[in-house]
Amino acid sequence: MKKALKEDEASSERNNERVIIEGAWQMWHRNGTRCPKGTVPIRRSTEHDVLRAKSLFDFGKKQHRRIPLHRRADAPDVVSGNGHEHAIAYTGSSQEVYGARATINVWDPSIQVVNEFSLSQIWVLSGSFDGSDLNSIEAGWQVSPELYGDSRPRLFTYWTSDSYQATGCYNLLCAGFIQTNSRIAIGAAISPISTYAGNQFDITILIWKDPKLGNWWMGFGENLLVGYWPAELFTHLADHATMVEWGGEVVNSRANGEHTSTQMGSGHFAEDGFGKASYFRNLEIVDSDNSLSSVRDISILAENTNCYNIKNSYNNEWGTHFYYGGPGRNPQCP
């Protein structure tokens, strides 16, 4: 499962050799546990999981994001309403997109309070960003004490067809995503994880639309199909996507009137670079011919660069890539 490769030297400010270990896996495999033939692994929700949620309706859902009137007209659905803050790269909104892929560095950012989270993911989007009909398919890793009861990074999925209002949920907590793989558990902890100035571990996630049946599939690693979101879940995404986003998101609840110290990515700013800041590499999109191609024309956005930031680049080894993240509260981010 694991192979080592060196980051292209042109993308590193230092000349010493660095090694990335691909193939971060899942902790439940360590004791040899496997699912019987014809079954899939499902993370069990406990009474304590439900009690941590604000209500039964809120269990397994993201908060609805209010769109501020001062939002940049050309920016995607990354808004700070309800305390959501981001550091992302995104495509333009005028093209037809049928999927996306990226390799995502895995860390275990610290979370200040239980109802905050930190995630790193791909968004595949269509619909209006300032209305109630946004369709979104999302997958990546997340640390969410409220949802999972611990601070481990976990593989997750999400979907909504109405701007996070009533439809959709995380993982398998409502009808929607259909799992087909017996080796991957949605919501399971990822292991091993990256360490500061040490080995770096990452996962590759692919989301793409089946051109025949129209369902949206999720792939993990090199060639593992995890499951799919049926086309009938969606309105706009029943046809195609119009935008892809890659990057990090946190919830800033401003406990005690201060910015949260919840970390994004590794908890270090983008300029710290390889082995210290978290990264996305080899950003790709799926076109109308069902082919993957490297993304060259992207924009980047962070609401508050004193708290979390992002810096993108391109080289032959990593294609389009970026470093992102930050510590949250610090002297410049009160």
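Visitor: Which pattern do the disulfides of the protein follow, with bonded cysteines counted along the chain?
Guide: This is a predicted model. The pattern is 1-2, 3-4, and a search of the whole structure finds two disulfides.

Visitor: Which cysteines form a disulfide with sulfur atoms 2.1 Å apart?
Guide: Those are C169 and C174. Their link is left-handed, with -90° about the S-S bond.

Visitor: Is C169 buried or exposed?
Guide: C169 counts as buried because its relative accessibility is 2%, and buried means under 20%. C174, at 27%, counts as partly exposed.

Visitor: And what about C307 and C333?
Guide: The sulfur atoms of C307 and C333 lie 2.0 Å apart in a disulfide. This link is right-handed, with 95° about the S-S bond. The pair joins distant parts of the chain, 26 residues apart: C307 is in the loop between β17 and β18, and C333 is in the segment after β19. Both C307 and C333 are buried.

Visitor: Changing topic: in what order do the six strands form the open sheet?
Guide: The order is β8-β7-β6-β14-β4-β17, with antiparallel pairing. β8 and β17 are the edge strands, each pairing on one side only. From one strand to the next, the twist averages 20°.

Visitor: Over how many bridges do β4 and β17 pair?
Guide: Four bridges, in the antiparallel sense. Y90 stands opposite S299 in β17.

Visitor: Where is E232 found?
Guide: E232 is in the loop between β13 and β14. E232 is exposed, at 67% relative accessible area. Its C-alpha atom is separated by 9.4 Å from that of G176, 56 residues apart along the chain.

Key
Residues numbered from 1 in each chain as written. Predicted model: local features only at pLDDT ≥ 70, side-chain atom pairs only at ≥ 80, totals over all residues. Heavy atoms only, no water. Pairing = 2+ DSSP bridges. Helix = DSSP H or I, 4+ residues; strand = E, 2+ residues; numbered from the N terminus. Axes fitted to C-alpha atoms, helices over the stretch in contact; angles between N-to-C directions. Buried < 20%, exposed > 50% of the residue type's maximum accessible area, 1.4 Å probe, protein only. Disulfide = S-S within 2.5 Å.
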